[in-house]
Structure formats: structure tokens, C-alpha cells
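Colleague: I want to learn to read a model like this one. Can we go through it feature by feature?

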Amino acid sequence: MASPKKFGVPWPEFNDGLSYNDVVPSSDAGSTLIQFYSTNYSSSAPLQGWLQRIKSEQITVDGRVVTDPDTVIRAGSKLVYHRLPWKEPDAPHMIEVLYEDDNMIALNKPSGLQVLPGGLFQQRTVLTQLQWKARNQGTVEMHPRSHPVPVHRLGRGTSGILLCAKTKLARACLASYFADGTSHVGGKSEDTNQKLGKIAKIYRALVSGIIENDKVTINQPIGTVKYPGVAKGLYVATQSGKPALSVVEILERNIQENSTLVQVKIQSGRPHQIRIHLSFLGHPLLGDPLYGIGGQPKCLDCDYIDENFAEDGGYLRPAKPVPGDCGYYLHAHQLVLCHPITKEVIEIIAPLPSILLAPREAKETADTQQTA
């Protein structure tokens with residue numbers, strides 16, 4: 001059996017830092033530098049944090065370093081905030097390739113690796129590794145004009161299949177698949193009212209408690225609420241949210257461990273949908289630090305924001321759990337799609353972590369390893 005293809009460059013100790021550019025709009029003309037940043041970017045740092053950044057020579061106005069926070073800014077001026085390099089949290093860097101052709105690449109994303117830059121993770125991401133591989137022609141050959149980018153997201157703690165496009169045409173096509181929602185691919189749907197999609201995703205998860213019914217359909221809407229450390233709000237179960245549909249099938253009930261192994265098919269792709277829906281059902285993912293029963297965060301004082309700031313002037317890492325925290329067991333196991341160019345139906349499978357194997361599957365895996 002051929003060894004799986006893998007690639008990855010070890011992370012440097014510190015990232016390269018970042019620069020954030022702004023052109024002062026006429027509506028902010030006459031404001032002071034501190035007013036501009038503390039008002040427009042209050043989610044990045046508290047007032048005292050922005051004062052520190054200005055006085056630490058991290059802000060330029062029209063190419064000139066300005067350390068006086070009361071400097072009056074003019075419409076059209078170019079402002080740049082230079083975020084200093086920092087050591088990002090630990091994250092795996094090796095990634096397995098499950099499928100690849102000239103148009104797309106499917107990866108087996110490890111748990112703990114973020115897909116796109118955000119928050120503390122600006123360099124230690126899947127996107128960075130893809131860019132390094134494309135530039136350096138790493139262990140997997142890339143088309144000389146390819147610019148691979150993920151076309152959907154997986155939570156940092158979620159492992160499994162991540163689909164990436166290598167051409168603009170494939171990217172547009174695959175993005176349209178996800179925008180249309182996922183369901184059955186080809187053939188006939190079990191539900192005559194359900195439209196057929198061009199992509200289908202199946203996840204494996206381990207949840208707390210014993211789910212009684214063998215199959216459960218969850219159509220709880222998902223929206224956002226204010227939450228510390230999450231600038232755009234935390235996704236939760238709420239009737240004012242957008243429609244979301246998950247179909248849960250029971251694979252194994254473990255009475256002794258008080259847990260249930262499930263397979264989940266999702267027709268929509270709301271952020272953290274499976275985590276929210278299963279917790280809404282009363283069975284949060286085992287080890288999920290964030291979501292409790294009801295599809296809501298476990299903490300109750302979600303309006304509290306710590307105004308203290310970290311060394312770089314930004315907010316301290318929230319004491320409460322945030323969406324990127326790991327510890328739960330969720331794996332994007334199977335993907336079936338119509339190829340964006342050839343229209344051939346393709347099935348991609350990401351090997352399951354041992355904890356998400358049913359007893360029969362675990363035995364078959366052990367037998368295969370013994371005979372290999």
C-alpha cells in the first residue's frame with residue numbers, strides 16, 4: 001500500500017507581523033488619531049491598548065510615524081497600523097493530501113490547525129501551507145499557474161476533508177456548490193421535496209449522552225449573539241437566525257461511557273452547525289468547551305468584556321471558551337461531489353481517528369494493520 005502524500009513546512013517561531021491600511025474618509029476628517037482607531041477598531045483593542053500602540057511608534061500617517069494620539073487627521077490621509085510579529089499558539093503543520101488534480105485538491109486537515117488567518121493565527125494556517133507549497137513546488141506537484149485556496153471552512157478543532165480550488169474557474173464552481181447547499185449527489189433524493197445538490201458532506205462525531213432515536217432531523221435556525229472575544233458575534237441556536245438542516249444517524253450507543261457515536265449529514269453549512277445542532281438536541285459534542293445543552297454557550301455573562309490588554313495592546317485572550325478552542329470530536333469523513341470541470345461524480349474519504357471508529361470498524365482496521 002502506498003504511503004499517503006503529505007506536505008508541510010515547520011512554523012517559524014514568530015510570524016511576520018501585519019500591516020493594516022486605512023484611508024481616512026471624509027466622515028472622520030477632524031478626528032484625532034486615537035478617536036479614529038478606538039472608535040473604528042474597538043474590537044481589536046481597548047482605548048488604552050490603542051494609546052500604547054500609538055506611543056510605541058506602530059502607527060504611521062502618510063508614511064510618517066506619529067506618536068501623539070491627539071494628532072488631527074485629514075480626509076484622504078493614509079493610516080497604517082503595524083502589528084509587531086508574535087508567537088502564535090502551537091498548531092500542526094503536516095497535512096495529508098486525499099485527492100488532487102489540475103483543478104482542485106482535497107486535504108485531510110488535522111485538528112488544531114486553522115483554515116484561514118484570523119485572531120492569533122495569522123500564519124499558522126492551512127492557507128499558508130498551500131501558498132508555500134505552490135511557491136516551492138513541495139512534495140506534491142502543483143500546476144505552475146495554480147493558486148490553491150480553501151473553498152469552505154472547518155473549525156480549528158474539526159478534522160477531516162477540506163476542499164480547495166487550484167483555478168479561478170474551479171473556485172467559482174465549487175463555491176456555488178456550497179452556496180446552493182449540500183444534499184444528495186445524483187440519483188434520487190429520499191425526500192421528493194428536497195432538491196438535489198452537487199456536493200454532499202458526511203461527518204462523524206462523538207456526543208455526550210445516549211440518543212434514543214436511530215435517526216433525528218434538526219432544522220433549528222442559527223444566528224449570532226454578542227460574546228466576549230468574538231468580534232462578529234457567536235453563532236448559536238436562535239429562532240431569529242438563518243435556516244439550517246442536519247440529519248443525525250446513530251452508529252453506536254456506549255451505555256458504559258454515556259456517549260453516542262453519530263453520523264451527520266448537513267444540507268446547509270452554517271458556522272459550527274453540527275456543534276450547535278447536537279447541543280440543541282441535548283447532546284453536545286463530547287469535550288466541547290464552548291457549547292452546552294440548548295445550542296447556547298456554557299457561560300452566562302456573555303456581555304462582560306475585559307478591558308485589560310495584552311502586551312501588543314490588544315485584548316487579553318478571553319477567559320471564557322471561544323469557537324476556536326479544541327477538545328471535541330468531529331471529523332469531516334466523506335465528501336461526494338460533481339467534479340467542477342469534468343462533472344464526474346467523485347467520492348473522497350478521510351480516514352477516521354481511532355476514537356470515532358465503531359467497534360466493527362476498529363476491528364477491521366486492526367486486522368488490516370496486522371496483515372499489512
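Colleague: Which residues of helix H1 (residues 33-40) are buried?

Modeller: Keep in mind that this is a predicted model. Buried residues of H1 are Leu33, Ile34, Phe36, Tyr37 and Ser38.

Colleague: How many helices and strands does the protein chain have?

Modeller: The chain has 6 helices and 19 strands. Of its 372 residues, 48% are buried. The accessible surface is about 19400 Å², and carbon and sulfur atoms hold 51% of that. Now take contacts between residues at least 6 apart in sequence: 63% of them join residues at least 24 apart.

Colleague: Now charges. How many salt bridges are there?

Modeller: The general idea comes first. Side chains of opposite charge can pair when their charged atoms come close. Here the cut-off is 4 Å between a side-chain nitrogen of Lys or Arg and a carboxyl oxygen of Asp or Glu. The count comes to 6 salt bridges.

Colleague: Which residue forms a salt bridge with Arg124?

Modeller: Asp90 does, with the closest N and O atoms 3.9 Å apart. Arg124 sits in the loop between strand S7 (104-109) and helix H3 (126-136), and Asp90 in the loop between S5 and strand S6 (95-100), so the pair ties together parts 34 residues apart in sequence.

Colleague: Why does Arg124 count as buried and Asp90 as exposed?

Modeller: Buried means under 20% relative accessible area, and exposed means over 50%. Arg124 counts as buried because its relative accessibility is 7%. Asp90 is exposed because its relative accessible area is 68%.

Colleague: What is the N to O distance in the salt bridge of Glu361 and Arg204?

Modeller: The distance is 2.9 Å. This pair links distant parts of the chain, 157 residues apart: Glu361 is in helix H6 (residues 359-371) and Arg204 in strand S10.

Colleague: Are Glu361 and Arg204 buried or exposed?

Modeller: Glu361 counts as buried at 15% relative accessibility. Arg204 counts as buried at 4%.

Colleague: Which backbone oxygen does the side chain of Arg204 reach?

Modeller: That of Leu356, at 2.8 Å. Leaving aside neighbours within four places in sequence, Arg204 is in contact with a set of residues including Leu251, Val262, Tyr329, His331, His333 and Ala358.

Terms used: Residues numbered from 1 in each chain as written. Predicted model: local features only at pLDDT ≥ 70, side-chain atom pairs only at ≥ 80, totals over all residues. Heavy atoms only, no water. Polar contact = N/O pair within 3.5 Å; in protein donor to acceptor, adjacent residues only side chain to side chain. Contact = heavy atoms within 4.5 Å. Buried < 20%, exposed > 50% of the residue type's maximum accessible area, 1.4 Å probe, protein only. Helix = DSSP H or I, 4+ residues; strand = E, 2+ residues; numbered from the N terminus. Areas by Shrake-Rupley, 256 points an atom, 1.4 Å probe, with all protein chains shown as cover.
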